[in-house]
Amino acid sequence: MSVQRALFLQKRVLVVAYSHFFRGYCFYAKQPYRQKPVTLSQQSVLLPGLERIRSSVLLEDPNKLVAEIPGSPEVHTVYDCLRHGEKVSNNGPCVGSKNPASGEYEWLSYSEVISRTQAIGSGLIHLGLKPQNDSFVGIFAVNQQEFLLTLYGCSAYSMVVVPLYLTLGLQSVLYIINQARLSVVIADSEENALKVLRNVGDLPSLKSLVIVDPVTPQIQTLAKERNIRLLQFSALVELGRNSPQDLVLPKSDDLFCIPYTSGTTGMPKGVMLTHRSMIACVASLVIGYGEAGVFGGTIMSYLPPAHIYEICNEVASLYFARSIAFYSGDVKKLMDEVRILKPNILPLVPRIMNALYTRVKESVEESAFKSFLLRTALSRKQKLLKRGKVTNQSIWDKLVLKKFQEALGGNVHMIITTSAPISPEIMFFFRCGSGAYVFEAYGQTETLASSMTLPLEYEGGNTGGPLPCNFIKLKDVPEMGYFSKDDFGEVCMKGPTVFIGYFKNEKATQESLIDGWQHSGDIGRWLPNGALKIVDRKKHLFKLSQGEYIAPEKIETVYSQSKLVAQIFVDGHSDQNYVIALVLPEPSALKDWLRSKGYKEVEDINQLLLKKEVRKSFLVELRKIGDEKELNHLEQAKNLAFLSEPLSVENDLMSPTLKVRRGHARKHFESLFDSLYKEGPLV
């Protein structure tokens, strides 16, 4: 294409764009709450006092936290959310799974879900559990509707669910079963059922095992030998239907569930969360979503069901009368299923957002004109967003961003992300390119959601102000040079969403929960507009020989913006004066990069990656990004090695929430780091 032709098209697109009549979203249901008018320039309120506590700018009284859902005084427990959803949806579709034969989603209505949950609860009572708040039920399952049904089946009878992460590791699972003295465990598959049955000798409390999948002869034989009562999940439901029990509904201060932390170090800890905690979280989301929060619509469910992010999504979705669609179980096919389902609400994690962003960037990078159009489209969409206009109907959406929006299903109204830091560049792209409201939230298992961006936020790099359910303060960390007077420090939260303690672990509770304040271990900074930015991790710092503390996650976040990087681990030794990076390269981008550097195709690419000049050249690419993102000279890696396999849950180098187990990784790569330091800096 000639330069003249490109300039003509450029002008033509701009003229059409400025003359186009922009249309916003047509809400598919009523709004639950009209948000208090706020501006992005003031996102939190500084309360009087030396502690410099901040509260939500959305509160009518900044000293009074929200614990109940506005407009829904009858909703006090998680089970109330389900009944509220039935009423608001007029008994619409509640949960659904894709039929593998037809490829279509098959749905249970709200009333069918209520009936089934009551049958599950009744069935558990027939297995010997009492309908009271000290009866615990373990669920050892992937993300599927049986998990949600059991969660609510227990809630209907004041019982407590103890989720078991599939990827915690067998020893951790056995530890949890013993600590919670579980007499009943529900497993999804033969594989997980066998893991439990083969270790029954170490599980004196276990009496019954329920299996979602068909019961095989091997499981039957093993259960009989171990004197364990065996029941298929469908039989449990039928048992409860045939002998229904009167509901024993929980009180708001009763325990709802005990999710265990994934444990980047040591054994996992059981986080005791009450119904009040969950309802306060839902209340804050109702207020925080503002104009974006609407009743109805469909949400895609695919995250680990024991993850508090997913549990909060499900509880809130039922209150909002949404339809929850469970993915088929193959994360590689997730975005294909999203395109089929066309959800209105799409929870995302940074890893998926990074992959989608990289795909779009690669699709335009070889064309200067396409790159220009993308930059222009995003810039124009940001201007609309600054004017309070969230739309997928502009000329830029139709001509430039439609393909990306179709990859998200083509019907997304709201995107929510949390669980790990995400770069401002990618948040900017999603906010402007998706045509949807994009929220970034921050919280912990111990506190649920604590801060969240406002609906019309158009910049990245922060997690918004405190939600109306909690206060936030920053605590001095003098050994790291962080002081609250400078608006830096350890993030601490207090309010009705905060957990009541770690199960049977008073020592850990006292260390973490002090005077009602949960100490997160994260280092935060208050930005001038009152938004919170997570800048560091208290526990993950290491010191170099100069005495300077290094935050590896900050460096990893910067370097991960390279399309060449699939995974990265940064670390260093306290007797050395520089850091080292271990990189798992992105295969297709790596091949293109090697060709651009003049390296010929070779059968064993791993041998090529061992060469010093290749490692040095790759490191130079990362350091360019580091310079652009203003890493200081101590934060820039000076040596690098390539990883031959990914960091994963299976090799115990990542937690089930996909966070690097730094202690494990440091020990695992100890000899590699020693050899790299012996080699010396590459640059």
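So, to start: is Asp 652 buried, exposed or partly exposed? Keep that one in mind while I go through the salt bridges.

A quick word on the model. It's a predicted one, where local features need pLDDT of at least 70 and side-chain atom pairs count only at pLDDT 80 or more, while totals for chains, interfaces and linings use all residues. Residues are numbered from 1 along each chain as its sequence is written, and side-chain values use heavy atoms, with hydrogens and water left out.

Okay, salt bridges. By that I mean a side-chain nitrogen of Lys or Arg within 4 Å of a carboxyl oxygen of Asp or Glu. There are 18 of them in the structure, and I'll show you a few.

Take Arg 276 and Asp 253, whose side chains meet with N to O at 2.6 Å. Arg 276 sits in helix H9 (residues 275-289), and Asp 253 is in the loop between helix H8 (233-242) and strand E10 (255-257), so to speak a link between distant parts of the chain, 23 residues apart. Helices and strands here are DSSP runs, numbered from the N terminus: H or I of at least four residues for helices, E of at least two for strands. Asp 253 is exposed, at 52% relative accessible area, and Arg 276 is partly exposed, at 33%. The cut-offs: buried is under 20% relative accessible area, exposed is over 50%, partly exposed is in between, with a 1.4 Å probe and protein chains only.

Next, Asp 397 and Lys 381, with their closest N and O atoms 2.7 Å apart. This pair links helix H14 (residues 395-407), which holds Asp 397, to helix H13 (residues 368-386), which holds Lys 381, 16 residues apart. Both partners are buried: Asp 397 at 1% and Lys 381 at 4%.

Then there's Arg 666 with Asp 571, at 2.8 Å between the closest N and O atoms. Arg 666 is in helix H21 (residues 662-668) and Asp 571 in strand E26 (residues 565-571), so this bridge ties together parts 95 residues apart in sequence. Asp 571 is buried at 3%, whereas Arg 666 is partly exposed at 37%.

Now for some backbone. Most residues other than glycine have a negative phi. Asn 90 has a positive one, near 55°. You'll find Asn 90 in the loop between helix H2 (78-89) and strand E3 (93-98), and it's exposed, at 67%.

And back to Asp 652: phi is positive there too, about 65°, in the loop between strand E28 (639-642) and H21. As for my opening question, Asp 652 counts as partly exposed, at 33% relative accessibility.
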